[in-house]
Amino acid sequence: MKEGIRMSEFNDPFVIVRQMVQQGAEDGTYPSAAVAVGVGGQTLVREAYGAARPETLFDMASMSKVLATTMIAFQMIEAGKLCLTDSVGSFFQAPPDKSDITVFQLMTHTSGIPAHFHLADLTDDPSRAADVILAQPLAACPGQMTVYSCMGYILLGKILEQIGGRPLDQLAESLVFGPLGMKRTTYHPKAGDDIAPTERNRETGQYLRGIVHDENARFLNGISANAGVFSTLDDIALFARMLASGGRLPNGTPYLSTAMFALAAANHTPGMTENRGLGFKLAGGEGNFMGDLFPARSIGHTGFTGTSLVVDPGSGLYVVLLTNRVHPTRDNIGIIRFRKLLHNAVYAAFSRSLAQSAWRYD
């Protein structure tokens with residue numbers, strides 16, 4: 001046999017991926033994890049570790065931005081209800097420095113709106129969220145640089161609610177979760193569900209379980225454009241397969257048009273510190289979590305709680321990693337390096353699996 005390749009790796013190139021995720025739970029990178037790797041409709045890895053099962057609900061945190069908000073925006077664009085050039089001033093009484101900020105800039109994180117602040121520190125009324133965000137000074141001139149902004153996405157969500165005439169959770173169910181068959185994905189997990197706990201709530205002293213971890217989403221009663229979605233490994237794998245198929249459902253029906261998907265996955269921030277599509281993070285650039293081997297065309301997103309999704313639309317390869325790394329504390333940041341290592345191992349295993357048929361042994 002070729003030197004340096006174990007028989008187990010030849011029989012199953014993804015054994016190292018399974019071992020890595022299990023070791024991450026044993027080493028304390030996270031207490032629980034669920035991982036799925038697939039190519040198109042073929043599942044290559046589907047495992048859970050620690051206290052998790054494939055059916056466990058995880059707090060998706062900022063992955064909510066692409067799972068719900070971004071997809072709602074795409075559906076509204078395709079339905080002729082929204083344009084990327086629509087301005088904030090068309091929907092809100094915005095000050096002059098923010099009135100010309102566009103939906104495109106909100107979705108590419110080039111709006112200049114600050115990355116994060118606590119809404120509860122500035123108002124006790126969740127209905128004033130948009131006004132509060134628009135009242136804060138800009139962190140950068142719109143269109144000049146990437147500033148990854150949860151606040152900008154909250155504002156985008158308020159625009160979508162105006163257009164759709166319904167709360168964001170209802171829009172997500174009718175436009176995203178329902179059509180994609182994501183039956184357990186929700187903003188409203190039930191108390192009796194198997195839910196991975198996150199951090200200790202400083203107000204109650206209890207660990208958050210089924211209550212969104214993000215403070216601003218929690219202030220907005222759990223329904224927010226930046227966070228709030230809970231989901232399972234199998235549901236996120238369904239979402240990943242759709243992306244891996246260029247926006248198509250398993251039966252071949254387009255969920256997104258070819259034009260919409262191409263626009264979503266394009267790099268709209270060349271020369272800036274981050275590579276950003278519409279809603280999606282692209283491989284490379286500052287804060288790249290996809291490792292060294294996934295090609296530049298790859299798209300994905302992360303969540304603060306320890307969740308992530310990577311898709312290579314060219315090959316159809318996807319990786320879903322769901323963890324609750326913030327349990328018991330957000331100070332556990334080992335997931336940052338672990339994601340990169342895992343994605344390297346996945347892409348190497350994928351490449352090896354493609355090459356196996358060409359291997360010959362004396």
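1. Thr232 is found in the loop between strand S4 (230-231) and helix H9, where helices (H or I, at least four residues) and strands (E, at least two) are DSSP runs numbered from the N terminus. Thr232 is buried, with a relative accessible area of 2%; buried means under 20% relative accessible area, exposed over 50%, and partly exposed in between (1.4 Å probe, protein chains only). Not counting residues up to four places away in sequence, Thr232 touches Pro54, Glu55, Thr56, Leu57, Arg184 and Leu322, contact being heavy atoms within 4.5 Å.

2. On the basis of these values: this is a predicted model, in which local features need pLDDT of at least 70 and side-chain atom pairs count only at pLDDT 80 or more, while totals for chains, interfaces and linings use all residues. Residues are numbered from 1 along each chain as its sequence is written, and side-chain values use heavy atoms, with hydrogens and water left out.

3. Phe239 lies in helix H9 (residues 233-244) and is buried, at a relative accessible area of 0%. Leaving aside neighbours within four places in sequence, the contacts of Phe239 are Val66, Leu67, Met71, Leu180, Met182 and Leu309. Phe239 and Leu321 are 82 residues apart in sequence and 13 Å apart in space, C-alpha to C-alpha.

4. The largest nonpolar core has 77 residues, and those with the most contacts inside it are Met71, Phe74, Met107, Leu119, Phe239, Leu243 and Val320. A nonpolar core is a set of buried Ala, Val, Leu, Ile, Met, Phe, Trp, Tyr and Cys residues joined through side-chain atoms within 4.5 Å. A second, separate core of 27 residues includes Met20, Tyr30, Tyr49 and Leu321. Beyond neighbours within four places in sequence, Met107 is in contact with Thr70, Ala73, Phe74, Leu84, Tyr153, Leu156, Gly277, Leu278 and Gly279.

5. Helix H3 (residues 64-78) packs against helix H6 (residues 150-164) at an angle of about 45°, with their axes 10 Å apart. Axes are lines fitted to C-alpha atoms, for helices over the stretch in contact, and angles run from 0 to 180 degrees between N-to-C directions. H3 is therefore oblique to H6; angles under 35 degrees count as roughly parallel, over 145 as roughly antiparallel, 65 to 115 as roughly perpendicular and the rest as oblique. The contact involves Lys65, Thr69, Thr70, Ile72, Ala73 and Met76 of H3, with Cys150, Tyr153, Leu156, Gly157, Leu160, Ile163 and Gly164 of H6.

6. H3 and helix H7 (residues 168-180) pack at an angle of about 70°, with their axes 9 Å apart, which makes H3 roughly perpendicular to H7. On the H3 side the contact is made by Leu67, Ala68, Thr69, Met71, Ile72, Gln75 and Met76, and on the H7 side by Leu168, Leu171, Ala172, Leu175, Val176 and Phe177.

7. His109 has a positive phi of about 60° although it is not a glycine; His109 lies in the loop between helix H4 (103-107) and helix H5 (129-135) and is buried, with a relative accessible area of 1%. Asn221, also not a glycine, has a positive phi of about 65°. Asn221 is found in the loop between helix H8 (215-219) and S4 and counts as exposed at 63% relative accessibility. A cis peptide bond joins His327 and Pro328, with omega about 10°; Pro328 is placed in the loop between strand S9 (317-323) and helix H11 (335-355).
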